[in-house]
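Subject: Structure handover

Hello,

Here is the structure I promised you. Please open it and keep it beside this email as you read.

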Amino acid sequence: MRTRLDDFISRISAQRDILDHIAARQASLPGGPILEIGLGNGRTYSHLRVRFPDRHIIAFDRENGAHGSCRPDDGDVVIGDIRETCLSYAGTRAAVVHADIGTGYREQDAIIREWLPSRVVAVLALGGFVASGLELKHSELEEMPLPASVEKGRYFLYRRR
């Protein structure tokens with residue numbers, strides 16, 4: 001029987017492996033920033049800074065609650081309800097969007113899946129990648145093959161058509 005700890009480790013490992021998979025393809029990425037949708041404590045932001053050192057990274061969350069060792073500058077954090085603040089970045093043409101804002105509650109995640117795909121498409125460049133903890137269904141997102149280390153359905157990778 002899988003525990004919540006097992007699920008957490010699986011999710012975080014999948015997240016890292018997919019972001020590393022995208023980082024290995026940096027030369028083929030479109031120009032533009034990286035958007036971190038859901039800053040949280042900044043662990044993934046820290047990983048993105050190391051893997052994409054030449055990219056501007058913009059984080060979205062209700063507050064800048066990242067650990068001091070990986071806290072983005074206040075000017076690189078968009079504070080507020082992500083559902084609304086993403087709209088102000090439409091047309092940004094981001095090279096990569098990482099979204100890990102699932103709650104683990106089926107009903108709440110269903111609501112997020114209703115609005116998140118359109119927000120991601122609105123900010124993402126053609127050919128840009130999306131790594132998401134939630135499945136995103138949108139006609140402009142093509143599901144991409146996952147790294148072999150990632151269990152199908154654990155994390156998702158898309159490219160904008």
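First, the ground rules. This is a predicted model, in which local features need pLDDT of at least 70 and side-chain atom pairs count only at pLDDT 80 or more, while totals for chains, interfaces and linings use all residues. Residues are numbered from 1 along each chain as its sequence is written, and side-chain values use heavy atoms, with hydrogens and water left out.

**Strand β1**

Start at β1, residues 34-37. Helices (H or I, at least four residues) and strands (E, at least two) are DSSP runs, numbered from the N terminus. In a regular strand the side chains alternate between the two faces of the sheet. Here Ile-34 and Glu-36 sit on one side of β1, and Leu-35 and Ile-37 on the other. All four are buried, so both faces are covered. Buried means under 20% relative accessible area, exposed over 50%, and partly exposed in between (1.4 Å probe, protein chains only).

What does β1 pair with? β1 runs parallel to β2 (residues 57-61), joined by four bridges. β1 also runs parallel to β4 (residues 94-99), again through four bridges. Two strands pair if DSSP finds at least two bridges between them. Look at Glu-36. Glu-36 stands opposite Ala-59 in β2, and its bridge partner in β4 is His-98.

Now follow the chain from β1 through helix α2 (residues 43-51) to β2: the three make a right-handed β-α-β unit. Right-handed means that, with the strands pointing away from the viewer, the path from the first strand over the helix to the second runs clockwise.

**The largest pocket**

A pocket is found on a 1 Å grid over the protein atoms alone: it is an open set of points where a 1.4 Å probe fits, with protein on both sides within 12 Å along at least five of seven lines. The largest one has a volume of about 1400 Å³. That volume is the space filled by probe spheres set on the points, which are joined across faces, edges and corners.

Which residues lie nearest its centre? They are Arg-11, Asp-100, Ile-101, Gly-102 and Thr-103, out of 42 lining residues. A lining residue has an atom within 4 Å of a point. Two or more residues each come from α1 (4-23), α2, α3 (82-85) and α4 (106-123). Helix α1 gives the largest share, eight residues. The lining of this pocket divides into 12 nonpolar, 14 polar and 16 charged residues. Ala, Val, Leu, Ile, Met, Phe, Trp, Tyr, Cys and Pro count as nonpolar, Asp, Glu, Lys and Arg as charged, and the others, Gly among them, as polar.

**Aromatic pairs**

Rings of Phe, Tyr and Trp (its six-membered ring) pair if their centres lie within 6.5 Å; planes under 30 degrees apart count as stacked, over 60 as edge-to-face and the rest as tilted. The count comes to two pairs. Phe-60 and Tyr-89 are edge-to-face, at 5.2 Å centre to centre and 80 degrees between the planes. Phe-60 lies in β2 and Tyr-89 in the loop between α3 and β4, so the pair ties together parts 29 residues apart in sequence. Phe-60 is buried, at 0% relative accessible area. Tyr-89 is partly exposed, at 24%. Phe-156 and Tyr-158 are stacked, at 6.5 Å and 15 degrees. Both are buried.

**Two loop residues**

Arg-93 lies in the loop between α3 and β4. Arg-93 is exposed, at 60% relative accessible area. Its phi is near 60 degrees, a positive value in a residue other than glycine. Most residues other than glycine have a negative phi.

Ser-139 lies in the loop between β5 (124-132) and β6 (141-143). Ser-139 is exposed, at 62%.

Best wishes
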